[in-house]
Structure formats: structure tokens, C-alpha cells
Amino acid sequence: MRTCIESGPVYPSLKILMKARKPVSVLLSVAALLPFLFGNYAFPQAQSKETRWVESTLKRLSLRKKIGQMINVRMSGEFANLSSDKFGEYKRELQEIGIGGFTVYRGEANAIASLTNELQKLSDIPLLFAADYERGLRMQLRTGTPFTTNMALGATGDPTAAFQQGRVICSEMRSIGVNWLFAPVVDINNNPDNPVINIRSFGEDPKAVGDFGVALSQGVRASNCLATLKHFPGHGDTATDSHIGLSVVPIDRQRLDSLELVPFKMAVGFVDAVMTAHVALPRITNDEIPATLNPKISTDILRNEMKFDGIITTDAMEMGAINRNFTPDKAVVMAVQAGADVILLPLDSKAAVDAVERAVRDGVIAESRIDASVRRILRAKFRLGLSVNRYVDLKQVNTAVENPQNVALANDVADKSMTLLRNDRDMLPLTTERARRTIFITVSADDDAMQGITFAPEVERRVPGAKQVRLDPRSTLNDYKRVTEEASKFDSVVLAVFVKRAANKGTVALPEIQAEFVRQLVISGRQVAVIAFGSPYLIRQFPEAKVYFVTYAVEDVAQAAATRVMFGERRFNGKLPVTIPGIFERGAGINR
């Protein structure tokens with residue numbers, strides 16, 4: 001693997017120390033920092049220790065246990081008893097199969113910390129615990145520093161914020177025993193109808209996406225977690241959710257090199273892993289085999305052309321793009337043949353190991369190919385320090401998770417991301433007098449009580465007795481008529497429109513009954529402000545909107561930030577990191 005020094009700029013903290021040009025004592029301090037910033041990549045003595053541990057560990061593993069190291073299965077933090085059937089299943093995965101790690105979903109911080117310790121205790125080889133904490137622990141848990149989305153980060157125009165976010169996310173992860181982050185997402189969202197990437201992307205400009213991806217990765221590694229670029233070679237230009245079916249991206253190699261691969265090439269030297277996408281590129285590979293199972297992508301481009309020697313992990317093998325088109329056994333073998341080191345969330349871990357073992361016994365896969373993958377996995381475990389200490393201090397969880405200073409940082413970033421795109425007659429910010437003559441309507445596209453749960457009380461706190469109404473998927477046509485009539489009694493209307501981006505949903509659009517309701521209000525003649533919580537592209541369904549600002553997120557942190565800028569407590573500073581076709585160009589934004 002290339003060292004960070006060779007492949008790009010050094011970490012910000014190291015730059016500061018280098019510019020200081022202090023005496024030898026400071027240089028020694030820099031030397032002391034290097035292992036934490038870069039792992040053990042650049043030091044021969046550390047390399048020899050690493051090699052000895054990796055080779056001695058590999059030597060004592062049977063073929064079956066080596067294959068087990070390549071398997072990563074789902075782990076739920078939502079149980080409380082070590083005698084439960086669920087824990088018994090995890091114990092079986094470790095003792096009978098020898099899996100190399102788990103991917104953590106849901107749960108509670110203290111319980112996850114305790115559970116990771118218990119599982120590490122049971123495992124012969126230290127475990128990798130991965131998670132999709134793209135915007136922090138709050139992606140899965142009720143606690144954790146509440147960061148906003150990648151697209152909101154892109155709207156701030158400040159990669160330093162991404163570095164700090166990566167640093168905080170990783171520090172909280174490590175406190176609960178999770179050491180492998182499935183982020184950053186460096187897909188370019190150049191398709192407004194993309195239902196699976198959308199606000200998970202930093203934007204549509206390849207260079208800017210690369211800058212943010214590098215910065216976040218540096219922050220992650222500065223706090224000693226594995227960082228992962230995803231979804232290789234790019235999942236941005238598709239309107240199909242790969243959780244549901246196979247996404248086909250009909251682009252040629254010239255386009256791939258000039259757009260999708262740019263951020264991957266920029267950031268690949270700063271990460272430990274790359275996750276492949278369940279997308280097919282038929283004009284490049286001359287087939288419709290998804291990148292996850294296709295050696296023309298994983299081996300030819302990522303390994304051979306881009307010289308990446310870290311861990312290649314599949315995306316979840318349980319997703320529709322794979323399991324609806326390939327049998328589980330065939331898919332697992334194809335993934336290994338394609339170049340994958342880690343098989344993520346196979347439908348059946350034992351069956352997956354059986355299939356790969358048969359392929360090795362039959363000569364379809366060379367055992368040396370398995371060894372190469374296991375060496376990469378073991379090297380990553382060594383560099384995380386797991387060969388020395390695989391446990392976490394349970395006493396530190398409640399001081400590390402959701403530290404007030406980190407929460408203040410997250411709120412500040414959310415504030416800076418708020419992007420005002422239209423402001424007819426200077427409606428925003430709302431004055432106290434205008435707010436008293438305004439009806440605030442929450443329109444929730446999803447059956448999710450959390451949408452508006454912070455926005456509504458924040459409005460009430462500033463405008464006691466404010467008229468507030470909520471519409472959601474259970475609302476009837478009569479409900480929409482009633483609210484329309486109610487709105488006619490007010491001088492102004494604020495529409496807080498929520499649409500969640502979610503796996504298996506297949507759309508990021510507002511349901512037509514709600515879109516028509518918004519359209520009728522914005523053309524009614526009164527002043528109407530629309531706040532887009534979630535996808536910034538929502539205005540395409542009501543382009544007549546004369547006052548429009550975007551938050552890029554539905555979460556509480558965005559709801560609180562929206563009220564602050566709406567009432568003039570913070571400035572609108574964000575710039576749109578994507579193009580909204582026919583309406584706004586990338587970079588649009590009114591500073592107010």
C-alpha cells in the first residue's frame with residue numbers, strides 16, 4: 001500500500017508542525033505523531049513486526065478458517081443478554097466458521113461496546129467491526145454526534161469540516177469497539193433521480209468530491225479507523241436502487257476516467273479499503289456483470305491500473321442487484337474471482353465458506369489467491385493495533401460519545417450548509433411580526449414521526465402559539481383541502497417539506513398528492529416559503545416556488561439549523577453543490 005506521504009498531502013496537523021520549523025524536540029514530537037497519522041506504513045521496524053504477526057497468524061489457519069476471515073456478517077446491537085439465541089448465533093459464526101468480522105446495525109452505544117468486547121474475547125483472531133456511519137453513529141443509533149449529510153458538507157465548501165467530521169466519527173466508533181468505517185462516499189451525484197446516493201454524495205463536481213473524500217478519510221485515519229471509498233467505480237449516474245435491482249450505467253471508458261473515477265483516484269492513497277458497487281457498465285466490460293463480481297473492474301482497473309493494494313470489499317451480497325440475478329454460491333465465488341477480499345453480508349455465511357472452499361479444492365480459485373486476501377485483512381487488523389489490544393474501555397463510552405464540543409461543531413457545520421436559492425420580496429429571514437401572521441405546515445412524504453419533530457418545537461419556542469399543521473401519508477384528500485382553506489387566513493406560509501432518502505424505497509420524490517398541494521399553495525398569490533428537508537431537487541416538482549431553501553437532510557441537526565437561519569439567527573452561507581436542471585446551476589446560493 002502506498003504511504004500517505006507518497007500519495008498526497010500530509011495531514012493538516014502534520015502540516016502545522018512542519019511549518020513551525022522548531023528545534024529537534026519538535027521534530028521528535030512529529031516523529032511520535034507519525035504512527036498515529038499514517039499507521040505503520042513507512043517504518044521498516046514496524047513493518048517487520050507487522051509481517052511477522054501476519055505470517056505467523058496466517059500459517060496457523062486452515063483453508064476453511066482463512067476463507068472465514070474473508071466473511072463479514074450482520075450484527076445487531078439490539079439485545080441485552082449474552083445467553084440469548086442471537087448471541088449464540090454470533091458465537092457459532094466465530095467458533096465454527098471463524099469469520100473475520102461483523103457489520104454493526106442499530107443498538108445502543110454502551111451495549112455495542114460491551115458486545116464487541118465479548119465477541120473479541122470469543123474470537124481466535126481479532127475482529128473487524130464495520131459500520132455505515134457515514135454521518136456518524138446517529139446513522140444507526142439514538143446517540144452520537146448528530147452530523148449532517150455529505151451533500152450539506154459539500155454546500156459549506158470547506159473540506160476542513162469533513163476532516164473534523166471524520167475525526168469525530170472515528171473517535172466515537174473506536175470508543176464502542178467499531179474500527180472500520182464504510183465511508184467516505186465519493187460517488188458523483190450527477191443524476192437528480194438517483195434514489196440511493198443523492199444527499200450521500202458531496203456533490204457533482206469530481207474535483208470537489210475528491211477533496212472532501214480525501215479530507216474525511218484523513219480525519220478517519222487520524223483517529224485510527226479504517227476508511228473506505230465507495231461505491232467503486234461510481235454509483236451516481238443511475239436511477240435504480242441497487243438494493244432493489246441491478247443498476248446499469250451506460251457510459252464509456254473516456255467518461256469513466258474523466259468523471260466517475262476522478263475522486264477515487266484522488267483519494268485511493270488515503271484509505272484502507274474500497275467498496276465495489278452493484279452496478280454494471282456494459283460499454284466498458286462488454287457484459288452486464290456488476291462491478292462487485294467483475295474482474296474487469298475490481299482487478300483490471302482498481303488493482304492493476306490504480307495500484308490499490310488495500311482491502312476490496314463487496315457491497316452487501318444480500319442486496320437485490322446480486323441475489324435476484326445470481327445464486328448465492330455462484331455470487332460468492334465470482335466475487336472472490338473478481339478480486340474481493342471481504343464478502344460483505346452473504347445470505348448464509350456457512351454456505352459462502354463452503355462454496356469458496358469447493359472452488360479452491362476444485363482448482364477454480366488458487367489458495368494463494370485466498371492467502372493474498374487474508375494477508376490484507378490481517379495487515380489492517382495489525383495497523384489498528386488489534387494484535388496488541390482488541391478491547392475497549394467501557395468506562396470511556398459516556399465521555400467519548402456525543403461530547404458537547406463535537407455537537408457544537410456539528411451544529412455549526414449544519415448552519416453553514418443552509419442554502420437560500422430564491423427569496424422573493426425578501427421574505428426570509430422572518431421578522432417576529434411576519435412570523436405571527438404565518439402558518440407553518442409540515443409535509444412529510446414518509447410515515448416517519450421524526451420528520452418535523454425538532455422543527456415544530458423550535459418554531460413554537462420562537463413564536464409562541466404559532467399555527468402549525470402536519471400532513472403525512474395518512475392524510476386524506478379532505479385533510480389537504482382543510483389545510484388549504486386554513487392557509488388562506490394567513491398572510492404567509494412556510495412549507496417544511498420532508499422526503500427521506502432510504503434503501504429499498506426507489507424514489508426521492510414527493511408523492512403527487514403532496515406535490516400538487518405544494519404547487520397550489522405556491523401559485524395562490526400569498527407569500528410562500530418552501531424548505532426542502534432532504535433532496536435539494538424537490539423544486540423540480542413545484543418550479544414556481546418563489547422562496548426556496550435547502551437543508552440537504554431530514555435529521556434533527558438540519559431541522560434546528562433551518563429554524564436558526566429562517567429567523568435570522570445565523571446567515572445563509574451554503575452554495576448548491578449540484579445542478580438542478582433548468583432551474584439552478586451548481587454554486588447558486590444567496591448569502592443573506
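Mentor: Start with a term: a disulfide is a pair of cysteine sulfur atoms within 2.5 Å. The model is predicted, so local features need pLDDT of at least 70 and side-chain atom pairs count only at pLDDT 80 or more, while totals for chains, interfaces and linings use all residues. Numbering runs from 1 along each chain as its sequence is written, and side-chain values use heavy atoms, with hydrogens and water left out.

The structure holds one disulfide. Look at C170 and C225, whose sulfur atoms are 2.1 Å apart. The angle about their S-S bond is 95°, and the link is right-handed. It links distant parts of the chain, 55 residues apart. C170 sits in helix α9, residues 159-175. C225 sits in the loop between α10 (206-222) and β5 (228-232). Helices (H or I, at least four residues) and strands (E, at least two) are DSSP runs, numbered from the N terminus.

Now check how covered each end is. C170 has 0% relative accessibility, so C170 counts as buried. C225 has 3%, so C225 is buried too. Buried means under 20% relative accessible area, exposed over 50%, partly exposed in between (1.4 Å probe, protein chains only).

Helix α9 matters for the next stop. The largest nonpolar core has 124 residues, and α9 gives it seven, the largest share. Such a core is a set of buried Ala, Val, Leu, Ile, Met, Phe, Trp, Tyr and Cys residues joined through side-chain atoms within 4.5 Å. F102, L119, Y133 and I176 touch the most other members of this core. Apart from it lies another core, of 40 residues, among them I439, I441, V497 and L510.

Beyond its neighbours within four places in sequence, Y133 is in contact (heavy atoms within 4.5 Å) with ten names to find: V104, I112, M139, Q140, L141, I169, M173, I176, V178 and L181.

Next, the rings. The structure holds 11 aromatic pairs. Rings of Phe, Tyr and Trp (its six-membered ring) pair if their centres lie within 6.5 Å; planes under 30 degrees apart count as stacked, over 60 as edge-to-face, the rest as tilted. F455 and F533 are edge-to-face, 5.8 Å centre to centre with 70° between the planes. F455 lies in helix α21 (455-462) and F533 in strand β15 (527-534), so this pair ties together parts 78 residues apart in sequence. F455 and F533 are buried. F549 and F572 have planes at 70° and centres 5.0 Å apart, so they too are edge-to-face. F549 is in strand β16 (547-550), and F572 is 23 residues away in the segment after α24 (556-566). F549 and F572 are both buried. Elsewhere, ring pairs join Y90, F102 and F129 into a cluster.

One more stop: V332, in helix α15, residues 328-338. V332 is at 4% relative accessibility, so it counts as buried. Leaving out residues up to four places away, V332 touches M317, I343, A352 and V356.

Now step back. The protein has 24 helices and 16 strands. Of its 592 residues, 59% are buried. Among contacts between residues at least 6 apart in sequence, 79% join residues at least 24 apart.
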